Amino acid sequence: MTVVPLDDSDVQRVLCVAAHPDDLDFGASGTVATWTRAGLDVTYLLCTRGDQGGFDDTPRELMPVLREQEQRDAAAAVGVKDVRFLDGFRDGWLEPNHDLQREIVRVIRQVRPQRVLMQSPERNWERIGASHPDHLAAGEATIRAVYPAARNPFAYPELLADEGLEPWVVAEVWMMAAPEANHWVDITGTFDAKIAALRAHRSQTSHVDDLEERLRGWGSANAVAAGLPEDHVAESYRVLSTA
């Protein structure tokens, strides 16, 4: 399916939703850096604080605070100032239930984005690491929030009645790690920012000696799929209209 994404000049606000700190940086931070440099306002929404992550001796009770700060530092590396975390959802236990959907609808109506970047709710058998159950749950809850709940005044009516949050129609969705990509973004000029963002997640990446080489390999494969010139790197998405 061929979809022509909105031109960035027609987008003022983007909401990026993911399950864990570092998910957005692995999947989309090069793209996000192109958006912020173009003047778009980008908001990050993390469903959990990633307390099951990490490869060092950090006590488990300290991991959520540590990873929240790492995500804020990583976001700053790509020009994102608005970073939000949901409360009450545990790493490894995420489900696309109405509690999660309601929270995402609330933020959609607060931010009022034209574009939502999210994780794919479809398992990618070619990239099982990208299809962590929390990723699938975050993706499913997000797409349910985009359509139909965020635009429906009768869905979670307390958001309108108690908080004055008017319905909002998201024009398009960009899915990371989807089984079939239909759009690629050349991130050659923002690749250094992507590396900086991922190095900010020290509890997750400090043990990876070949981080840049891995990312360049993945990005180069995407660039080939996109038909970009040699030595370019890209990020891939499945884009769909949700207007």
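Predicted model: local features only at pLDDT ≥ 70, side-chain atom pairs only at ≥ 80, totals over all residues.
1. The peptide bond joining Tyr147 to Pro148 is cis, with omega at about 10 degrees. As background, most peptide bonds are trans.

2. How confident was the predictor? The average pLDDT over the chain is 95, and 99% of the residues score at least 70. Among the elements of the chain, strand 1 (residues 13-18) has the highest mean pLDDT, 99, while helix 7 has the lowest, 91.

3. Phi of Arg112 is near 60 degrees, a positive value in a residue that is not glycine. For comparison, most residues other than glycine have a negative phi.

4. The crossing of helix 3 past helix 4 is right-handed.

5. Helix 6 has two packing partners to look at. With helix 8, the axes come within 11 Å and cross at roughly 130 degrees, which makes helix 6 oblique to helix 8. Helix 6 passes helix 8 in a right-handed crossing. With helix 1, the packing angle is about 130 degrees and the axes are 9 Å apart; helix 1 and helix 6 are therefore oblique to each other. Here, too, the crossing is right-handed, with helix 1 passing helix 6.

6. Which residues are closest to the centre of the largest pocket? That pocket holds about 1,200 Å³ of space. Of the 50 residues that line it, Phe26, Arg127, Gly129, Ala130 and Trp218 are the closest to its centre.

7. Several elements each give two or more residues to the lining of the largest pocket: helix 1 (23-37), helix 4 (133-146), strand 5 (172-176), helix 6 (191-199), helix 7 (202-205), helix 8 (211-226) and strand 7 (234-241). Helix 8 gives the most, with seven residues.

8. What classes of residue make up the lining of the largest pocket? There are 21 nonpolar, 18 polar and 11 charged residues. If you are browsing the pocket in a viewer, helix 8 is a handy place to begin, as the element that gives the most to the lining.

How values were computed:
Residues numbered from 1 in each chain as written. Heavy atoms only, no water. 1 Å grid on protein atoms, 1.4 Å probe; cavity = no way out; pocket = protein on both sides within 12 Å on 5 of 7 lines; lining within 4 Å. Points joined across faces, edges and corners; volume = space filled by probe spheres on them. Helix = DSSP H or I, 4+ residues; strand = E, 2+ residues; numbered from the N terminus. Nonpolar A, V, L, I, M, F, W, Y, C, P; charged D, E, K, R; others polar. pLDDT = per-residue confidence, 0-100. Axes fitted to C-alpha atoms, helices over the stretch in contact; angles between N-to-C directions. Parallel < 35°, antiparallel > 145°, perpendicular 65-115°, else oblique. Left-handed = near helix turned anticlockwise from the far one by under 90°.
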